[in-house]
Each structure stands twice: as structure tokens, then as C-alpha cells.
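Colleague: I would like to go through this model one feature at a time. Please give the general idea where there is one, and then the case at hand.

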Amino acid sequence: MNIDLPTSLASRADSVEPPRIDPVAVVARGEQLVRRRRRFVVAGAALAVILTIGTTTLVLDRLADRDGPPPANPDRTSHGIVRPLTYGQGQVLHLGDREIDTGLDFLSLDVTDDGAALTTLDGGIWFTDGTEVDQVGATLGGRAVKDGVTWRVGRPRDWVVNDSSGSLLAWLEYPGGSAGGPELVVYDTARRVVAARQPLDPGSEARPVYEPVLAALAGRQVFVAGYSLPREQVAFLRYSLDSGNIQLVDTAAYNAAVRSVPRALVIGSTAHWGDVALHAEASPHLDRFDRLEVQDGRHDPLFDPHTGRRLDLRVPDAYAATPLWLGQWLDDDRFTMISGAAPRGDLLTCRISSARCEVTIQRSSWDDPPLLPGHGGVGAELALIQAAADSRD
Amino acid sequence: MSAAPRRDTEEFCEFVSSRSAALFRLAYLLLGDYQLAQDLVQESLAKAYLAWPRLHQVANAEAYTRRIVTTTAISWRRRRGFHERPVDHLPEPAGADPMSELVVHDALWAHLLELPPRQRAAIVLRHYADLSEAQTAETMGCSIGTVKSSTSAGLRRLRERIGPDLDLLPSDDQVALP
């Protein structure tokens, strides 16, 4: 058979019908960028100095500790809590041995020490400890109208952040509607109460980031990422649940925080020179990978940031040449991975102590494509596309 | 105050109407995700609007927007495999019998999605957008040498995964279209 590459690519490109992109909406968005750029000129000039200093410090810090010992972290503790293997199939949530018929077409999963949070297309955020399923919050959902222009507000799996241990969840609510500023909500799943509400004021001189998205929840700190002018660099707002303070911090502070949580792994050349993986669900705005490439049975360098020890995981032969997506932590020693190529969709459980991975569930066992913590599911994006199409009709 | 005079805005709207479909198809091949591709094209066009007064010609605007689309797509994919996740079905062409043309196309697409972002971008720009190596380098914001190595590595990887029995891909020395 002889099929040339250009023909195949053109065939694929032609198989999708391009959306109608409204020029007026694009101009409106462009004008919004113009106004934003102007608004931040003064604040941005001051910020540039701060970021330059911060970046220099970051580089020096990284060079200094590239071969050095990992920093001590006296607060590191996970309390030894075991989280059940969690996944969704259709409307059914599997929480360890329990099967909960949620009655919801949920799009993403976030696990805490107390249960699982689910999101639905309308932006609903639900939580269950394995018994009842209660709505605990609402974010914007699939699309939002800002300045008269409709834009997406991220993917369902990015609507809520959690930590790899603990009881907290965080999300953004919009009490003034999509035209208003977001409010950061921190929810305690152990006490089933909202632990904090913090209005964000993107665009103010004190907090010069815009297009804020949730970045991570690390211990009792929540990081919100956004762009800062004049060079559209990623900057972070750090909210402390203990002090109630919110402040602009640099990437170094963010990296240090997400490396210091009790359960984390780093993909990189050293434990401190790489990207934090398998901490919590990541935001697409951030440099954080959750995929291990495996070739000839060897995988990308993987480190425990707390011990500095490199993990050379042994995976079954069938997975010796497949990318593996990091999934969820089960306890301080065990975490899951999902195979990304043939055999695709198998769930593996790996142990740090033995550096071994074993197959937990084979894809052939799934009744439907599973929805996994941190990975959403194939149905999530399809649902969004369908909803967008419905709204156009 | 607007970023562009009224006549320029009208020209920009004509540019959006005439070229957004082509830009979307490119974005779709780079990202493999309909919704993300739509978002990327919208945002890239909005940024092109900012630069419109200095772009002067539609050809310049298209190249400029294509570059934003490409570099942003690479950046998104490098930051995280956020759109990459286990899917329900991956065609397995190797050993399949009988092997339909559709299955081969699907297999190629699935394996293309697995390539690292630069390799995939280089292949799409060279073999779909039909850009020269120099134009591809300009679009990706890298050197011609990087384009050559990325294209070669990507094709090699595709060949390995598609299997030796398929005469699917051109050899490296056939792909250059200066």
C-alpha cells in the first residue's frame, strides 16, 4: 500500500469542518488586549525589575543546588493516609471497593483524603465521600462571555486543584458573573465547609497578573498563575490559607512549594532540575509534565525530590516502549500510571520502595473508557464540543 | 482608541474571514484537538490584530499568525501532555489483515499525536503546509538545522511505529522542497 504523508495529513485536516470564527469577536478580543497592555504599562515597568531580580535569583539558585543536597523540609508529612484507587465509568464513580452511581455526567475527578470531587459541564463542583453526592461549588463551566466575547475557560480537569495528600480543594468562582473578577474558593472536604474565599483582583496594581488560572494547591497554599506584562511572563499569586495573605511570587517560589509537598516526583536531570510531576492536576499554563517516556525498558529520569534519589522503575515487558501518564498517589509509597500507547489504557501501580510496577487493571477490563484523576476522559472534551455546537444552533 | 484605523480593521476582518479556516486546519494538525485548535486560532488572530498596523500585507499577516499558532502549540504541548491522554481506540496497523487505507490513515494520525511537539510541528509544516525548510524554521522560531533534525527524527519514529511493510512515508532525501 502506498499512501503519501501529505495526502494523509490533508485528508485528516479536511475531515474536520473548521469552526466559523467571527472577525468582529476577534477584533473585540484584540481591542481588549490593547486596553490591557496600556493598563499595565506602568505596573509592568515596576514588575519587570522585580521579575528580573527574581529570575536572576532563580538561575543562581538552580545553578547552586544543581548538584547539591535537597533542602530539608521539616513540615513534610502526609499523615500516612491511604487514598483508594479512583476512576469513573459513565455516571459511576469507583472509589476503592465502592461504586457510587452519581447520576451525573461528570467530566473530571479530583481526589482528596476524604473522597472525590467531580465537575459537570455546567461548572458544577460536586463532592462525595462514598455515600451522598453533594454540590459544593460552581465555576463557570465550558464557556464564558467576557467583554461580549465568548471564550473557553479551560478544560474540566483544570477547574479544580487538589494536593497529593490532605483534605483541601480549590477552585475559582465568579460571583459577579463572567464579567466580574474571580474569587478563589478553598474547600475543606474533611469538615465539608468552605475554608476561605479570597477575591482576586487581576489587573490591580498590587496584583498585576491577568487571565488567572489555578496552578496548584500545595499544603495550605494555593497558587494562581497568570500572565504579567510587559513580556507576558507567567507570574503567580500565592494565597496562604493560614495568614489570609495573597502576594505575587516568582516561579522559584512556586517550584519550591510544589516540590515540598509530601508526595511528589520530579522528571528531570536531577531532583532539583526538572519538572514536578505527579503532585496534583496541572494547569496547561505551567511547565509541569506528567508523562514518562519509556524506550527499551528505560524511562525518563525520575526523582524523589525529598531524598534526591533517582527512581529506576521496572515496568512489565509489555510497557517497555510506551509513554506512561502519571496518575494518582495511593499512599506515600504507591502511585498509579496509565499506559499511553499499545497496550493503551492499562492501569499500573508502582512502588517507590521496590521500584516495581504491576498491572492493576487491563484496558480490556474497562466497560467504558475510564475517567481518571488528572486526566479527564475522552468524553469530557467531546461533551464540551457538543455543548458549544448546541449553543451555536 | 483602536489598535487600527477603520480601513485597516475592515482589511483585518477580511483576512480573518479568508484565512481562519486554513489556520484552524494547521492548528488542528498541530494539537489534535478541535476545541483547543479553535481557541488557539482565535487567540492568535487577536494577537495578529495587535500587530496588524505593521504587517501591511495579508501574506505577512498569515505568516505572522501561523508563527504564533505554531510556537504556541509547541509551547502548550511541551509544557504538558495536557491534551494527550489514553484514548479509547488506537488502530494497530502492524500485522493487520486486510489493511484498509482508512486504518492506515488513522494509524498515522495516532502515531503523529505521539511525536514530541517540535517533530510533529516540523512534519506538519513541511508536509502539510508545504513550507520550505527556511520557512519552517522561521515559523517555528528555530534554525534550519533543527528543522532538518526534527523532521528526520519524526519521520524515522513514524516509520518505526507504522511498520516496515508500509510504503507510507517519503525518505528523508525526498522531503525537501526548497
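Modeller: This is a predicted model. Begin with helix H4 (residues 251-259) of chain A, which is mostly covered: 7 of its 9 residues are buried.

Colleague: Which residues of H4(A) are buried?

Modeller: They are Ala252(A), Ala253(A), Tyr254(A), Asn255(A), Ala257(A), Val258(A) and Arg259(A). The general point for reading such a list is that an α-helix has 3.6 residues a turn, so residues three or four places apart point the same way. For chain A as a whole, buried residues make up 54% of its 393 residues.

Colleague: How many helices and strands does chain A have?

Modeller: The secondary structure comes to 5 helices and 27 strands. As for contacts in chain A with a separation of 6 or more, 49% of them are between residues 24 or more positions apart.

Colleague: How should I read the sheets, and what is the order of strands in the sheet that contains E1 of chain A?

Modeller: In general, strands of a sheet pair through backbone hydrogen bonds, either parallel or antiparallel. Here 3 strands of chain A form an open sheet in the order E1-E2-E3, and the pairing is antiparallel. Strand E1 (86-89) and strand E3 (98-101) of chain A are the edge strands, each pairing on one side only. From one strand to the next, the twist averages 20°.

Colleague: What joins E1(A) to strand E2 of chain A?

Modeller: There are 4 bridges between E1(A) and strand E2 (residues 92-95) of chain A, and the two run antiparallel. Gln89(A) has Val92(A) in E2(A) as its bridge partner, and Gly88(A) stands opposite Leu93(A) in E2(A). The two strands form a hairpin with 2 residues between them, and Gly90(A) in the turn has a positive phi of about 65°.

Colleague: And how many bridges join E2(A) to E3(A)?

Modeller: E2(A) and E3(A) are joined by 4 bridges and run antiparallel. The bridge partner of Leu95(A) in E3(A) is Arg98(A). In this hairpin, with 2 residues between the strands, Gly96(A) takes a positive phi near 65°.

Colleague: How do I read helix packing, and at what angle do helices H5 and H7 of chain B cross?

Modeller: Two packed helices are described by the angle between their axes and the distance between the axes. The axes of helix H5 (residues 117-127) of chain B and helix H7 (residues 144-162) of chain B come within 8 Å and cross at roughly 95°. Angles of 65 to 115 degrees count as roughly perpendicular, so H5(B) is roughly perpendicular to H7(B). Among the residues in contact are Arg118(B), Ala122(B) and Arg126(B) of H5(B), and Ser150(B), Gly154(B) and Leu158(B) of H7(B). By class, this contact has 6 nonpolar, 5 polar and 3 charged residues.

Colleague: Which residues make the contact between helix H1 of chain A and H5(B)?

Modeller: First the geometry: helix H1 (residues 5-14) of chain A and H5(B) pack at an angle of about 95°, with their axes 9 Å apart. H1(A) is therefore roughly perpendicular to H5(B). Leu5(A), Pro6(A) and Leu9(A) of H1(A) meet Ile123(B), Val124(B) and His127(B) of H5(B). The classes in the contact of H1(A) with H5(B) are 5 nonpolar, 1 polar and no charged residues.

Colleague: Where in chain A does pLDDT stay under 50?

Modeller: In general, where pLDDT is low, the predicted coordinates should not be read in detail. In chain A, pLDDT stays under 50 over residues 39-76, for which the model has 39 contacts beyond four places in sequence. The value also stays under 50 over residues 145-152 of chain A, with 24 such contacts.

Conventions:
Residues are numbered from 1 along each chain as its sequence is written. Chains are lettered from A and ligands numbered from 1 in the order in which they are written. This is a predicted model: local features need pLDDT of at least 70, side-chain atom pairs count only at pLDDT 80 or more; totals for chains, interfaces and linings use all residues. Side-chain values use heavy atoms; hydrogens and water are left out. Two strands pair if DSSP finds at least two bridges between them. Axes are lines fitted to C-alpha atoms, for helices over the stretch in contact, and angles run from 0 to 180 degrees between N-to-C directions. Buried means under 20% relative accessible area, exposed over 50%, partly exposed in between (1.4 Å probe, protein chains only). Angles under 35 degrees count as roughly parallel, over 145 as roughly antiparallel, 65 to 115 as roughly perpendicular and the rest as oblique. Contact means heavy atoms within 4.5 Å. Ala, Val, Leu, Ile, Met, Phe, Trp, Tyr, Cys and Pro count as nonpolar, Asp, Glu, Lys and Arg as charged, and the others, Gly among them, as polar. pLDDT is the predictor's confidence in each residue, from 0 to 100.
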